[in-house]
Structure formats: C-alpha cells, structure tokens
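Colleague: Could you take a close look at the charged side chains for me? I'd like to know what pairs with what, and where the partners sit along the chain.

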Amino acid sequence: MWDWIKIVALGLITLFAALAANWARDLAYQVHALIVMAISAGLFIWTVRTAGDPKGPAPTGYMDGVIRYGVVATAFWGLAGFLVGTFIAFQLAFPALNFEFLQGYGNFGRLRPLHTSAVIFAFGGNALIATSFYIVQRTSAARLWGGNLAWFVFWGYNLFIVLAATGYLMGATQSKEYAEPEWYVDIWLTIVWVAYLLVFLGTIIKRKEPHIYVANWFFLSFIVTVAMLHVVNNLSLPVSIFGSRSVQLFAGVQDAMTQWWYGHNAVGFFLTAGFLGMMYYFVPKQAGKPVFSYKLSIIHFWALIFLYIWAGPHHLHYTALPDWASTLGMVFSVILWMPSWGGMINGLMTLSGAWDKIRTDPIIRMMVISLGFYGMSTFEGPMMSIRAVNSLSHYTDWTIGHVHSGALGWNGMITFAALYFMTPKLWNRASLYSLRLVNWHFWLATIGIILYAASMWVTGIMEGLMWREVDAQGFLVNSFADTVAAKFPMYVVRGLGGTLYLTGAIIMCYNLWMTAFGKNQPAAVATPAE
C-alpha cells in the first residue's frame, strides 16, 4: 500500500514538473523544473520496479550509512566552495579574470553568492547534518528515528543546494544576504528542515540514555531557530507560480531589520550553535577527557541562545533604523562576548592534563586553533558592533576579514577535525591513512587563514581611513578608485591565502579517501560505539 502511495505521488510530481518546465516564464525556473522532473521520474521508475519486493528484517544498530554519505558530501562541497572563493578572490585582484565568455554566468556578481552558499550551506550544512546524526545516536544510544526519513533529509537538502547554486548562476535570486534562493526553493528547504527536526527530536525522545547531552541542546536550538529565521525572512509572494520571481512581504527598513535579524542569527545559530554541538562532543572524545565544566556548558548554552537573537540590529548603524534599535543590538552584542568566551574556555580547559597531545596529535591541534579563532571572532564581532568602531569598519574589507577568520578558522577547522575523527570509525578502519598529511593540512590551512584575515584587516582599516580623510577645506582627499588601487597588494595576498587553504582541503580529501577506500587500510578490531 505504501509503495503505491509513493508511486502515485512521484507520478504526479513528475507530471506537474513537466508542465511547469513547459510553461516556465524564465530559464532558471525551467531548468529547476527539469531537474525535479528527472529526479522524480527516476524515483518513480525505481519504486515501480521494487514495489512488492520482500522486505528484509528491521535494521538494528546505528544508522551510519547516511552519515557516510554526509561525510562525502561535506568534503565535496567544501572543495567546490573553497575553489570558487579562491577564484573570485583573484577576480577582485585581477578583473580580467571576469572572462567575457562567462559574462552572465561566471562573473563575480554571480559567483560570489555561489561561494557564500556553497561554504555556509553546502559544506557547513552537510557537516552539521552528518555530525548531528552521528552525535545524537551515540549520546542517546538509539538509532535515528523515522526509518528512511534521514535519507530524505540528506538527499532533499542536497537537492536544495543544487537548485540554489544553479539558480544563482542563472540570476534567480532574491538578493538577501545568506537568503538568496527564490520562493519555491525556500519552500522545499522548509519541508526538508521540518523532516530534519522530526528525525533529530524523535531520536532524542526515544533515547535509552536518561540524560540529554549538551551537544544535542546546541543542535536542537540550531535546528529550531534556523527554521523560524528562514520562514519569517523569506515570506514573499511569487509573481507567478510558473516563474522564479517573487515580491518580498516586507519593504524598506522593516525588510532590512528582518534581513539582519535573520542574517546575524544565521551566523549565531547555523555557524555557531550547531558547530558548538560538534565542539562539545568531538573535543572531549579526541582528548580522551570529559568536558571541563558541564555546568559552564549549560550556562554557555542558555546565555548564548538568549543573547544572540537580539544582536542583529548592529548591522544597521547609521541607517534609517531607529537609533534605539541599533543600540539594543550593540548592547546585546557586547554582552554576548562573555558567554562566547565561556564556551571557548570550556573547550580549551577540556585539554587540562592532555596538553602534550597538541604536540603529537594534529587533530587536537586543529580543534585548539578552531577554538582560538572562535574566541577571537567572538571578541572582534562585539567590538565591531560598537557604533564608533562600526563607523570605520562597516562596508570595508575589515568585515570580510572578520567573517573569514571565523568561517575558515572556527567553522572550517572544527569541521575538518570532525571529519578526521569520524571517517575511520564510519568505515571501520583502525586509524586514518596518514597523520602526516593531517599535519600538512593543519599548517597549510592555518597559514592560509592568517594571510587571508591579516590582509583583510590591514586593507579594511586602510580603506576606512582613506574614506575619512579630508583636506583643509573639508573635501574628500581620496576617490573610491584610489582606495581600490591601494588595496591591490593585499588582494593578491588574500588570493594566496585562499590557495593555501584550498590546497589543505585537497590533501584532506585524499587522506579521507585513502582511509575509507584504500585497499591496504587495516580494519578496526571492533567498531567502537563512540
């Protein structure tokens, strides 16, 4: 019965997608309808062919197949995002790289949102889904709830990535930072995200462990809050059900306020709370030590989720937003520094009695440097939210340096460490293929981050000061073109930093591939339940 329901549903989706492709009002919508039609038609044929096949016994143990796919997807999208980011960094230094034959598809304006979404949502999102599924099972001593619903989350989320990425290249975007995809892609993501919440929450509810470990608190807050942010910020009316264009529900300063309530909390919950869930599980595991202070982790959690949600208005200093609102955002941002550093200290102090491992274990080294960048970014962010500092930093490359020191240093490094930790266990290997390659990755990534962030800090502050410089009569001394020319050397340094970071990621992918699929890799004696 269930098979026939799926067959009918897939048949209807295929038919509607074919009609939508035929009646599409723009290229992006047509391409997306054809993608959906091809996928649903393939699933329709596969379901028809397998309908009525005898079902095997109910699976037992942890559901690690979907996590293995998540590891592969995380590594793949990471490479794609880093490659595009490095290319557009060199496009800014050398505009001739905006090739004529790529205009309209591969110029900076189209590739920049592609890079942003690939790194945050494709690389970071797949990492969060994979690690949350890994952690919630092991800390709950329960298999993922919902049967194949976890597979729907994985494939559905990656379909969202493909639709969003191809849409950017064809100009289908609602032009909202971190919220670029158009209305129908947003609806699909909402469906997938609700399924993600059901799988995660269902697993916690049926747990065999009485205690809910703090990492799961962070993951759950990330899932719930991102759902709320996504729905409210993407409220829009489509111009046509057969076109990608839409009109935002909010306008003017209300739209700006909603966007940066969303934008800053995408950083706060997607790029911070979720990755803190990783930190609270993988750092103690790799160090072989319990969390330094479980009480501090709980205080960290509640303070973080209460304060972060108010910080968004600091993006709108000196705009039409009322001063009281941007001041509120500034105050909460400054207060936010304390719980953030509480989490960093908790992570670092977990290594008490195991500091010697930093010398011998490059994975621990990655975790330590990720925590260092987390601490630095969560100090720099509140400082930049202060109105007097923001008047210099806003709209300059200082902001770019701040974002990338956090993204590459905190999010990137903790994700790399998590992938190195999980891969041998997921593929039942005794150890990683090569710790020496992990060491190479660590140093290439670290030097790359330093070059990238330092060059942007230097050029950003220089840019802000040049914009402020006036002569004795009060006229601006420098034109905008003067600031662009002055930044050229630092743009080249940034590109080189990105190249080193990308090279490290390529080495990681080779190391993980050889660990999982290398013929000479010894199997573990027993798969540890960790």
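Modeller: Side chains of opposite charge can pair when their charged atoms come close. Bear in mind that this is a predicted model, where local features need pLDDT of at least 70 and side-chain atom pairs pLDDT 80 or more, while totals for chains, interfaces and linings use all residues. Numbering starts from 1 along each chain as its sequence is written, and side-chain values use heavy atoms, with hydrogens and water left out.

Searching the whole structure turns up 5 salt bridges. Take Glu177 and Arg112, whose closest N and O atoms are 2.8 Å apart. Glu177 is in the loop between α5 (149-169) and α6 (183-205), while Arg112 belongs to helix α4, so this pair links distant parts of the chain, 65 residues apart. (Helices are DSSP runs of H or I, at least four residues, numbered from the N terminus.) With a relative accessible area of 30%, Arg112 counts as partly exposed; that label covers what falls between buried, under 20%, and exposed, over 50%, using a 1.4 Å probe and protein chains only.

Another bridge pairs the side chains of Asp64 and Arg138, at 2.7 Å from N to O. Asp64 is in the loop between α2 (27-50) and α3 (65-93) and Arg138 in helix α4 (residues 108-140), so parts 74 residues apart in sequence are tied together. Both ends are out of the solvent by the cut-off above: Asp64 is buried at 13% relative accessible area, and Arg138 is buried at 12%.

Then there's Asp397 with Lys487, where the N to O distance is 3.4 Å. Asp397 lies in helix α14 (residues 397-426) and Lys487 in the loop between α16 (480-486) and α17 (488-517), so the bridge ties parts 90 residues apart in sequence. Asp397 and Lys487 are both buried. Glu463 comes in here too: through salt bridges with shared partners, Asp397, Glu463 and Lys487 form one network.

One aside while we're on polar side chains. His314, in the loop between α9 (294-308) and α10 (323-349), is buried with a relative accessible area of 8%. Its side chain makes a polar contact of 2.6 Å with that of Ser333, the term meaning a pair of N or O atoms within 3.5 Å, where within protein one must be able to donate a hydrogen and the other to accept it, and residues adjacent in sequence count only if both atoms are side-chain atoms.

Methods. Helix = DSSP H or I, 4+ residues; strand = E, 2+ residues; numbered from the N terminus. Salt bridge = Lys/Arg side-chain N within 4 Å of Asp/Glu carboxyl O.
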